[in-house]
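Me: Could you take a close look at the place where the two chains meet? I'd like one connected walk through that part.

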Protein chains: 2
Amino acid sequence: MTVAPVNLVLFEIAELGQPLALADRRARHLLDVLRRAPGDTFDAGVIDGPRGKGTVTAIGADAIAFSFEALFPPVAPEPITLMVGLPRPQTARDILRDVTTLGAGALHFVRTEKGDANYASSSLWSSGEWRRHALAGAEQAFTTRLPTVAHGQSLTAALDALPAGSVRLALDNYEGAAPLSATVLPQGAHVTLAVGGERGWSAAERDFLRAQGFVLAHLGARVLRTETACLAALAIVRARLGLM
Amino acid sequence: MTVAPVNLVLFEIAELGQPLALADRRARHLLDVLRRAPGDTFDAGVIDGPRGKGTVTAIGADAIAFSFEALFPPVAPEPITLMVGLPRPQTARDILRDVTTLGAGALHFVRTEKGDANYASSSLWSSGEWRRHALAGAEQAFTTRLPTVAHGQSLTAALDALPAGSVRLALDNYEGAAPLSATVLPQGAHVTLAVGGERGWSAAERDFLRAQGFVLAHLGARVLRTETACLAALAIVRARLGLM
């Protein structure tokens, strides 16, 4: 796996005004990669908050001190919810990072009938490791905004949490009648994009998705990995909304 | 790195009618993953040739024998040339695999002014390892067709080889005037998509690209990794051509 570069150093709001331990990966980045000395500035932001400039104010034996100046208000969450069948942990790591970089407002890893139930008990989720990958994606993208991440819900429960009026699209290479590029997608819409995961949807899930207003669409004849399908579909939806 | 699954077992045309050594990764796949016995069939294809069914005819001490029945003629090459600034080898591996899966007719890794010249001397290129990653992408996609891959040419030389009449688009987050989704892209066009690589284009390269008829477009405000930019842009172009 390629390590994503840190273009923006992100802090929790509670970390402002506190010393940053030298062992912290962001302190290592400021000193070892950016080679910042006291008085030097760096691009910084507060997670889900403003973006601006950090200044290294002092470098001590155990920690560095820094200040933060907010220059830009937080950007609005992206108008896209991506739901994906819970994949194996390595695939989930890639999706967490790259979907955050590309831009989604919410990212729900849902349990599906054909998915492997063991994936839900990975330490990726129980240890909180998942958040590190989303953070890496935001640091790469130069944004403070993380998607709202949920995992382990059933498809049914995840649908209950969707915004009202969201345009509902589901990828299905077997029963999708039209390519994703040909679906109806009004400018300014909020879009929910559902991706079935490694083994796709069951017949019952297809019926359920249709009953819930989802249009089934495909990405062509090629068989894509789950992470490639997520990125391709998200890029296409973002382009169709005029976002890229 | 996640290993791509083999959905289609690909052979060189010269391998048909020959025994397949047991140590060959495809023999291991047929026996260990697909658990094929003599008389069993499997999805198979000839690289850049027909797709069809293979049959295991015998399993010997050192090799297996198989036959191949062509059922579908080769698909046409995809009408898209992707040119990307030569990246670090691990990024190139991901691009070789994922761009082949998603679908491009040609994939040119070109030397750029801001690129690291050392990347061209990687064993990825000199050992021929690069082809293995493209093959993995095709096996995943269930296609026999590989992109034509070139590497190490200058940007100028690579442009000389482009098909006449190709619509020329270059990603540029600094001087791209419109999002890629808003560029003019006639149905049925051949498209050349140029991606600058990790450090982007130099001022001279921008001038050269414009003089050569390229329209500079961006993918929005987010800073994407080279491989993410390649996949997102390729997906958007494929969707706009009605291919996905």
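Reply: Two residues count as being in contact here if their C-beta atoms, placed from the backbone, lie within 7 Å. On that basis, chain A puts 33 residues into the contact and chain B puts in 33 residues. Keep in mind that this is a predicted model.

Let's stay on the chain A side. H7(A) has the largest share, with seven residues. Sorted by class, that side of chain A holds 17 nonpolar residues, 12 polar ones and four charged ones.

Now zoom in on A:Ala232. Leaving out residues up to four places away in sequence, A:Ala232 touches A:Leu219 and A:Leu224, plus B:Leu102, B:Leu231, B:Ala235 and B:Met244. A:Ala232 also turns up in the largest nonpolar core, a set of 124 residues. Those with the most contacts inside that core are A:Ala232, A:Ala233 and A:Leu234, along with B:Ala232, B:Ala233 and B:Leu234.

As for the chain behind this surface, chain A has seven helices and 12 strands. Its radius of gyration is 20 Å, close to the 18 Å the globule rule gives for 244 residues, so chain A is as compact as a globular protein of that length. The C-alpha trace of chain A spans about 60 × 40 × 30 Å along its principal axes. Buried residues account for 45% of the 244 residues in chain A. And of the contacts in chain A with a separation of 6 or more, 74% join residues 24 or more positions apart.

Notes:
Residues are numbered from 1 along each chain as its sequence is written. Chains are lettered from A and ligands numbered from 1 in the order in which they are written. This is a predicted model: local features need pLDDT of at least 70, side-chain atom pairs count only at pLDDT 80 or more; totals for chains, interfaces and linings use all residues. Helices (H or I, at least four residues) and strands (E, at least two) are DSSP runs, numbered from the N terminus. Ala, Val, Leu, Ile, Met, Phe, Trp, Tyr, Cys and Pro count as nonpolar, Asp, Glu, Lys and Arg as charged, and the others, Gly among them, as polar. A nonpolar core is a set of buried Ala, Val, Leu, Ile, Met, Phe, Trp, Tyr and Cys residues joined through C-beta atoms within 7 Å. A residue is buried if 20 or more other C-beta atoms lie within 10 Å of its own, exposed if 12 or fewer, and partly exposed in between; C-beta atoms are placed from the backbone. The radius of gyration is taken over C-alpha atoms; the globule rule is 2.2 Å times the number of residues to the power 0.38.
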